Amino acid sequence: MVRCRDNSLYCGITTDLEDRVREHNLGIGAKYTAIRKPVALVYSEKHLNVSQAREREEQVKKWSRGKKEQLVVGFPRHGSE
């Protein structure tokens with residue numbers, strides 16, 4: 001999950017997290033993030049396969065913003081571990 005410039009949250013899946021965040025910041029990741037860049041990674045999970053990742057993505061996308069923010073609160077940031 002990334003936080004956009006307008007403080008909105010965007011959820012998606014990828015096999016290369018760093019590359020996907022870079023793509024979002026270049027404006028080639030998704031239409032939603034292209035107009036809200038820059039974005040910053042605020043939460044991620046690893047899954048065994050694409051099917052499980054998509055299922056989790058759909059679950060999280062249905063959540064309220066408050067519930068999504070609860071995930072973000074405990075997520076370790078690079079450089080602060």
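This is a predicted model: local features need pLDDT of at least 70, side-chain atom pairs count only at pLDDT 80 or more; totals for chains, interfaces and linings use all residues.

Q: Sheet first. What is the strand order?

A: The order is β2-β1-β3. It is an open sheet of three strands, with antiparallel pairing.

Q: Which strands stand at the edges?

A: β2 (9–10) and β3 do. Each has a single partner strand, so one side of each is left without a neighbour in the sheet.

Q: How many bridges are there between β1 and β2?

A: Two. Strand β1 covers residues 2–3 and pairs with β2 in the antiparallel sense.

Q: And which residue is the bridge partner of Val2 in β2?

A: That's Tyr10.

Q: New topic, Arg36. Where is Arg36 found?

A: In the loop between α2 (31–34) and β3 (40–41).

Q: What does the side chain of Arg36 make a polar contact with?

A: The side chain of Asp6, at 3.0 Å. A polar atom of the Arg36 side chain also lies 3.0 Å from the backbone oxygen of Tyr32.

Q: Leaving aside neighbours within four places in sequence, what is Arg36 in contact with?

A: Cys4, Arg5, Asp6 and Ser8.

Q: Switching to Glu55. Which helix is Glu55 in?

A: Helix α3, residues 50–61.

Q: Does Glu55 count as buried or exposed, and why?

A: Exposed, because its relative accessibility is 61%, and the cut-off for exposed is over 50%.

Q: How far apart are Glu55 and Ala30 in space?

A: They are 19 Å apart, C-alpha to C-alpha. In sequence, Glu55 and Ala30 are 25 residues apart.

Conventions:
Residues are numbered from 1 along each chain as its sequence is written. Side-chain values use heavy atoms; hydrogens and water are left out. Helices (H or I, at least four residues) and strands (E, at least two) are DSSP runs, numbered from the N terminus. Buried means under 20% relative accessible area, exposed over 50%, partly exposed in between (1.4 Å probe, protein chains only). A polar contact is a pair of N or O atoms within 3.5 Å; within protein, one must be able to donate a hydrogen and the other to accept it, and residues adjacent in sequence count only if both atoms are side-chain atoms. Contact means heavy atoms within 4.5 Å. Two strands pair if DSSP finds at least two bridges between them.
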